[in-house]
Amino acid sequence: MLLLRFIGSTALSLFSYLGELLFLMLESVRSLVTTPVRWRLALRQILEVGFRSQLVVLVTGAFTGAVFAAQTYFQFHRLSMETAVGAVVAVSMFRELGPVLTGLMVAGRVGAAMSAEIGTMKVTEQLDALRAMGVHPVDYLVVPRLIAMMISMPILVGECVGIGIAAGQFVAVRLMGVPEVYYVTYMLKFTALRDLEMALTKGFFFGVLIVFVACNEGLKAKEGAVGVGRATTDAVVMGSLLILILNFFLTMVLNIFFPAGI
Amino acid sequence: MTPPPMLSVAGLTKTIDGQHILRGIDLQVGQGETLVIIGRSGSGKSVMLKHLIGLMSPTSGEVFIEGRQIVGLKERALLPIRKTVGMMFQGCALFDAMTVEENVAFPLYEAGERNREAIRAKVAEALDVVDLTGHEQKLPVNLSGGMKKRVALARVVVARPHCVLYDEPTAGLDPVVSDSINHLIRRLQKRFGVTSIVVTHDMKCAAHVADKVAFLHEGAIYFYGAFTALMASRDPLIQDFIEGRSGDTDSFSHG
């Protein structure tokens, strides 16, 4: 009985949470269609969430590509297949590691900042002040961030993938001694434009997800500093978990449009 | 035909988590009138003020702004109506990331004004009204409590609302600054002819600005009338509030 109640209440909370996200999504779409976009705010957000996230994303991509190339080399070397390292690193970076790691890093850096900023505005009545001045918080706070993330995330994913592949190549060719010609030839043979398209598409959806999760947590923050702290933590945890869950479904669906393999 | 009252409230109730915050409020505020709502902390004053502009939805009852019913309207339908009513929040609610000038210019920019010179001129005029000329480039974090209240007031009046709601305008200020804020409220009312609703428990503020006073007690209006009538009242509850008597004593009980 207790177990049933637990399952029931968990399912109810999950549906309620998804409902909140859906409501925010619909309100944002409505705002995009009916209200002029505040491009000045969107540009400022592109600078904040896109430009300033580059270092984090580049470091993550570079070291992931490097360590992945090294591990793949260690395994493949025993089978004399080290020339295939480039293909494995590139396909993995494009299709999974690049988008997911960028998503997780941005969820941590940007999602936390968004929920903290909006949450602080909520508990200090700045959101009420916006509403009192006839400005819808979704128009002013959510939509510019949404546009910024829709533009920035695919670019960040592209950067992460690019530097990951470059770092992998450096490790495999310069440090492990894999012949560069074979490395590059196999990498190009096993990757195609559809891999890049998949990476950028995933990045786009992860960006949208991060904005809605972070803004939703900020908009419903209450109970002062404790509430803002909780909103920030929830934004990062929920954002990261949902990225991993969404990634599975995106992989299954996008593989229909951008099939893996030669 | 007589114009509708600026604001009217009928049978307003609000229950939060089983607690009755407002218990059937009926009120009318005429054009250009200043109503002061007083009452002890927790009597529902600020909650009531938020209902007047649709920031909170009542459990039951009606709220009219210039004859238009606002209860039940969706958030987006409320936005244009709210532009006719300004609100000064207890904590000022200034945007931290914006300078004084940007805060005051915000309602103009959001109203679609794009002429920088026109915006600058209106902001300068609003800051002049609240005696804050020369502080345009400061951030809210670098302002004193009184200055923040003045900026909040400038941000309200720059949009030329028909009505201004003040939530505890003198709370947390020293008597001198409080007095200057009271003068400012009166000056704004005279200069722009706006209707004002002031929530406070500062009797000096009430004495200075009120045309009418409503005394809120346990979510209901206990007294409504002129300030002089309030002061002349022999009602013990009102007397205790005016005199600031809690009924507590300094001595400990033994036994």
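This is a predicted model: local features need pLDDT of at least 70, side-chain atom pairs count only at pLDDT 80 or more; totals for chains, interfaces and linings use all residues.
Modeller: Residues are numbered from 1 along each chain as its sequence is written, and chains are lettered from A and ligands numbered from 1 in the order in which they are written.

Biologist: How many helices and strands are there in chain A?

Modeller: Helices (H or I, at least four residues) and strands (E, at least two) are DSSP runs, numbered from the N terminus. The elements of chain A run α-α-α-α-α-α-α-α-α from that end. The count for chain A is 9 helices and 0 strands.

Biologist: What percentage of the residues of chain A count as buried?

Modeller: A residue is buried if 20 or more other C-beta atoms lie within 10 Å of its own, exposed if 12 or fewer, and partly exposed in between, with C-beta atoms placed from the backbone. The C-alpha atoms of chain A fill a box of roughly 65 × 55 × 35 Å along the principal axes. Of the 262 residues of chain A, the buried share is 47%.

Biologist: How is α1(A) oriented to α8(A)?

Modeller: Axes are lines fitted to C-alpha atoms, for helices over the stretch in contact, and angles run from 0 to 180 degrees between N-to-C directions. The axes of α1 (residues 2–34) and α8 (residues 193–219) of chain A come within 10 Å and cross at roughly 105°. Angles under 35 degrees count as roughly parallel, over 145 as roughly antiparallel, 65 to 115 as roughly perpendicular and the rest as oblique. Therefore α1(A) is, relative to α8(A), roughly perpendicular.

Biologist: Which residues of α8(A) make the contact with α1(A)?

Modeller: Two residues are in contact if their C-beta atoms, placed from the backbone, lie within 7 Å. From α1(A) come E20(A), L21(A), L24(A) and M25(A); from α8(A), F212(A), V213(A), C215(A) and N216(A).

Biologist: How is α2(A) oriented to α6(A)?

Modeller: The axes of α2 (residues 39–50) and α6 (residues 137–175) of chain A come within 8 Å and cross at roughly 40°. That angle therefore makes α2(A), relative to α6(A), oblique.

Biologist: How many residues of each class has the contact of α2(A) with α6(A)?

Modeller: Among the residues that meet are L41(A) and I46(A) of α2(A) and I151(A) and I155(A) of α6(A). Ala, Val, Leu, Ile, Met, Phe, Trp, Tyr, Cys and Pro count as nonpolar, Asp, Glu, Lys and Arg as charged, and the others, Gly among them, as polar. The contact has 11 nonpolar, 3 polar and 1 charged residues.

Biologist: Which residue of β7(B) is the bridge partner of M88(B)?

Modeller: β6(B) and β7 (residues 163–167) of chain B pair in the parallel sense over 4 bridges. M87(B) stands opposite L165(B). For M88(B), the bridge partner is Y166(B).

Biologist: How many residues does the contact take from chain A and from chain B?

Modeller: The side of chain A that touches chain B has 4 nonpolar, 4 polar and 3 charged residues. Taken by chain, the contact has 11 residues from chain A and 16 residues from chain B.

Definitions and conventions:
Two strands pair if DSSP finds at least two bridges between them.
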